[in-house]
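I opened my notebook to look up how the two ligands are held here. Here is what I jotted down, entry by entry.

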Amino acid sequence: MTLTLGCIADDYTGASDLANTLTRAGLRTVQTIGIPADDLALPEVDAVVMSLKSRSIEASLAVSRSRAADKWLRGRGASHVLFKICSTFDSTDAGNIGPVMDALRADCGEANVLVTPAFPETGRTVYQGNLFVGAVPLNESPLKDHPLNPMHDSNLVRVLARQSRTQVGLVDLATVTRGADAVRAHLAGLAAKGVGAAIIDAVFDRDLETIGLVAAEHRLSVGASGMGLGLARALVSSGKVRSAAASGEAGAAVGGAAACLAGSCSQATLRQIASAEKVMPVLHLDPDRILTGGGEAQRALDWAKPRLAAGPVLIASSSTPDQVTALQARHGRDAAGHAIEQTMADIAQGLVKSGVRRLVVAGGETSGAVVDRLKIPGFLVGVEIAAGVPVLRAVGVEGDMLLALKSGNFGGAEFFSDALGLMR
Ligand SMILES: Nc1ncnc2c1ncn2[C@@H]1O[C@H](COP(=O)(O)OP(=O)(O)O)[C@@H](O)[C@H]1O
Ligand SMILES: O=C(O)[C@@H](O)C(=O)COP(=O)(O)O
C-alpha cells in the first residue's frame, strides 16, 4: 500500500469524522485502531486515519504513541501527516496538542506547522486566532463544562503557546483571503523570526482550500476535519490523488439487534437522549453506583436483553454539568471518567454477546473504550448520518458489524434514530 496522506487522530470519533470528510472529498480512506497488525487485510487506499486514544492521557504517552503512528504512516509512503485534533481544541495546559505537535515536527524536520481546528460545516470558525463554536467564543460555549478538558480561553495562539515549546504565531484571515502566495510569504516571515507553528484563521470552506494548498507543501499539519477537507481538495486538484466516488459504501445489510450507548455529557447529546426517550426504551445509569462497584453494567444488561428483540435501546451515563461537577468532587475527575468508560465497555461487550450487531456510541473517550473492548481493528466508511459522523463497517472481526461513533457535540436532536435508520 502506498499512502498519499497519513492521519493520526487523537480520539476515535475524531478519526471517523476525518475519515468521513476525506471520503466525501474523493480520497479512498480507511480508519484503523492504532497501528494495524501485519495480517490485517486493508484495501488499497489514498489515506489511512489511525485512531489513537491520546487526547486525555499523560502527554509523554501521547507523544510516544503518536510518534510510532507517524513512523508507520511515513514508512508506507505518506509524505504529509495530519495530526487530527478536536474542532474545539480539546486539551489542557499540559497538552496534548502542543507536545505531540512538537515531537512530530522535530521528527520530520518541518520549519513551520499550520494549525487550525476550523470546521465551518459544524460551526467551528477561527478569526484572529480566536475559536468560535457557532456564534460564541470557545470559552462561552458548552465546552467550558467539558468533563475532562474544560476550555476557558478562546485565543488559540495563547492556548497552544502554553502547551508547546515552539513559538506560536498567527496567519490572519486577511492574509488567507489574499490567497496561497500571501500565506506562503507570511509563513516565510514567521519562520525567519523563529516561529515554528502558526494558528491560521478560517471561516469558510474556501479559506480551508487555500490553507490546504499551502499545508500540502509541508510535511506536517495540525487540525480538525476542515484541515482534512483543505488537504484532500488540494491533493485532488493537483492530480496527486485521482478522485474516487464521493459517497461511502452502503454495503450489505447486517441486521441483528441494535443498541445505543451515551457517555458524552455534552448539551447536544443530552438533547439527543431526551428525544430518544420518545421512540425507544432508555436506561439512565447511576454514576455513583458505577464508582462504588454497584454492579451497574450487569443491571443494564439485565434491563436490555429482554428488550432487544422488540427494537433498539439506549443506555446513558450522561448527566448535566452540575451533576458531573458534583460526581467529580466526590470521586475525582479521572477516576470518574475512567470507571464510567469501562462500565460502558462492559455493557457493549455484553450487548454484542447478546446479538447486537449495530451499535451507536456517543462520546469520544466512551467510543474509544467501547471499540477497544470489542477489539475492532479498523473501519470502512459508509454513508454520512450527520456532519462529521459516518456509518462505519467493522473490518477484521468475525461477522458483520456496523457502528456509529458520534462526537459528543455533533448531530441533530434525532441523531440516535437517524443513525439507526441508516444502519440496516
Ligand atoms: N455522569 C457522568 N459524570 C461524570 N463523568 C461522566 C459521566 N458520564 C460520562 N462521563 C465521562 O465523561 C467523559 C465524556 O467524554 P467523551 O466520551 O469524550 O464525550 P465527548 O465526546 O462529549 O467529549 C468520559 O470520560 C465519560 O466516562
Ligand atoms: O473535531 C471534532 O469536533 C470531532 O471530530 C472530535 O474530535 C470529537 O471529539 P469528542 O467530542 O470527544 O467526541
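Before I start: the domain bounds I use come from an automatic or database domain assignment. I also keep in mind that this is a predicted model.

**Entry on ligand 1.** I looked up the neighbours and found 19 residues around ligand 1, with His146, Ser264, Ser319, Glu341 and Thr366 the closest. Domain 1 (5-237) and domain 2 (248-422) both give residues to this shell, so ligand 1 lies between them. I noted that helix H12 (321-331), helix H13 (333-353) and helix H14 (364-373) each supply at least two shell residues. Sorting the shell by class, I got seven nonpolar, 10 polar and two charged residues.

Next I checked polar contacts. A nitrogen atom of ligand 1 is 2.6 Å from a polar side-chain atom of serine 319, and a backbone N or O atom of serine 317 lies 2.9 Å from a nitrogen atom of the ligand. I also found an oxygen atom of ligand 1 at 3.0 Å from a polar backbone atom of glycine 364. On its own ligand 1 has 570 Å² of accessible area, and the protein covers 96% of that.

**Entry on ligand 2.** Here I found 14 residues, among which Thr13, Asp17, Arg55, Lys84 and Ser87 come nearest. Helix H1 (residues 12-24) gives the most to this shell, with three residues. I sorted the shell into three nonpolar, seven polar and four charged residues.

For contacts, I noted oxygen atoms of ligand 2 at 2.7 Å from a side-chain N or O atom of arginine 55 and at 2.6 Å from one of serine 87. Glycine 364 turned up again, with a polar backbone atom 3.1 Å from an oxygen atom of ligand 2.

Notes: Residues numbered from 1 in each chain as written. Chains lettered and ligands numbered in written order. Predicted model: local features only at pLDDT ≥ 70, side-chain atom pairs only at ≥ 80, totals over all residues. Heavy atoms only, no water. Near = heavy atom within 4 Å. Polar contact = N/O pair within 3.5 Å; in protein donor to acceptor, adjacent residues only side chain to side chain. Helix = DSSP H or I, 4+ residues; strand = E, 2+ residues; numbered from the N terminus. Nonpolar A, V, L, I, M, F, W, Y, C, P; charged D, E, K, R; others polar. Areas by Shrake-Rupley, 256 points an atom, 1.4 Å probe, with all protein chains shown as cover.
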